[in-house]
Amino acid sequence: MTGTLLTVAPTGAETQKADAPNLPVTLSELVSTAKDCAAVGAAVIHVHIRDESAQPSLDSGRLRETVEALREGTDLIVQMSTGGSVHDSEADRLRVLDAEPDSASCSMGTLNFGREVFLNRWDFIVALHQAMQEREIVPEYEIFDLGQLMALHRLLDKHGPPYGGHVHCDLVMGVPGGMPGTTAALVAAVQTLPAGATFSATGVGRSTLPVALAALSAGGHLRVGMEDTLTYAPGQPVDSNAQLVARASGLARIALRPPMEIEEARDMLAIKDRRSTAAEPAPTARVATPASPR
Ligand code: KMH
Ligand code: ZN
């Protein structure tokens with residue numbers, strides 16, 4: 001049994017800074033969060049950026065600067081969101097790849113997203129998949145509902161494997177409009193994954209813990225962070241992204257599948273090494289987490 005790949009999704013596009021003052025929205029907040037999360041076990045960072053007013057942005061210059069700063073400050077696998085916010089255009093979402101991240105999300109279908117619609121037309125999904133193949137960027141297929149896994153089978157059958165050959169999915173569960181964050185839904189999704197695929201799971205809101213526990217028991221990996229969860233326990237707001245990563249690390253250790261080292265995660269996901277040898281960040285010193293067995 002392998003270790004557990006921990007992804008942190010620290011910001012997202014839905015929460016306002018005013019509603020969650022600890023949400024990282026500036027580049028320096030993001031880099032500092034990334035370092036803290038790497039220290040407690042994260043290997044991947046799923047990034048949405050904000051503009052100077054802390055609103056979601058897909059500005060090309062900012063995206064590039066963000067990828068560079070995260071690469072300079074950490075060893076984390078940098079995964080940029082191509083999902084953006086529900087208001088972003090397809091052209092802007094495709095242009096995210098110009099920032100040359102290690103990985104990028106590829107959402108596998110359209111769904112109601114609360115009161116909004118998160119639009120992912122088939123032709124757009126194909127365009128994203130092919131652009132990532134050409135640019136040697138590893139996709140993470142975001143699965144919000146069971147039928148989206150059938151779309152993934154069709155995508156791989158018709159358009160071939162992703163760059164690197166390994167298929168990794170993230171089950172995003174509990175979005176109002178998508179599959180629920182339950183063990184039954186997770187099992188149904190896991191049974192429908194393409195052969196050889198690995199998966200992470202994240203449960204939005206109060207489904208965070210049930211989904212994490214179900215994913216670990218099913219041999220899966222975890223995504224946590226303030227993109228998906230703002231409440232640590234009933235009545236207790238999340239302090240920081242690192243708090244959520246530390247809790248996930250503890251659960252992974254209890255399951256005897258401790259957090260994967262970043263290099264191991266790079267191998268599993270077949271990430272192309274874009275780090276410059278000149279400015280290598282110091283290796284991440286990991287700290288023990290509260291639930292570590294002694
Ligand atoms: N913000 C959501 C509408 C992704 O990052 O690829 C879409 C999302 C998915 O977060
Ligand atoms: Zn996202």
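**The ligand and its surroundings**

Ligand 1 sits in the largest pocket. Please bear in mind throughout that this is a predicted model.

Which residues come nearest to ligand 1? Of the 13 residues around the ligand, they are Glu14, Ser81, Gly84, Ser105 and Glu227. Classified by type, the shell around ligand 1 comprises seven polar, three nonpolar and three charged residues.

Let me now turn to individual polar contacts. Two of them involve serine side chains and oxygen atoms of the ligand. In Ser81, a polar side-chain atom lies 2.7 Å from an oxygen atom of ligand 1. For Ser105, an N or O atom in the side chain is 2.7 Å from an oxygen atom of ligand 1. Gly84 contributes through its backbone: a polar atom there is 2.8 Å from a nitrogen atom of ligand 1.

How many aromatic pairs does the structure hold? There are three, and I shall describe two that share Phe113. Phe113 pairs edge-to-face with Phe118, at 5.8 Å centre to centre and with 70 degrees between the planes. Are these two residues, Phe113 and Phe118, buried or exposed? Both are buried. Phe113 also forms an edge-to-face pair with Phe144, where the centres are 6.3 Å apart and the angle between the planes is 70 degrees.

Thank you for your attention.

Methods
Residues numbered from 1 in each chain as written. Chains lettered and ligands numbered in written order. Predicted model: local features only at pLDDT ≥ 70, side-chain atom pairs only at ≥ 80, totals over all residues. Heavy atoms only, no water. Near = heavy atom within 4 Å. Polar contact = N/O pair within 3.5 Å; in protein donor to acceptor, adjacent residues only side chain to side chain. 1 Å grid on protein atoms, 1.4 Å probe; cavity = no way out; pocket = protein on both sides within 12 Å on 5 of 7 lines; lining within 4 Å. Sits in = over half its atoms within 2 Å of the grid points. Nonpolar A, V, L, I, M, F, W, Y, C, P; charged D, E, K, R; others polar. Phe/Tyr/Trp six-rings, centres within 6.5 Å; stacked < 30°, edge-to-face > 60°. Buried < 20%, exposed > 50% of the residue type's maximum accessible area, 1.4 Å probe, protein only.
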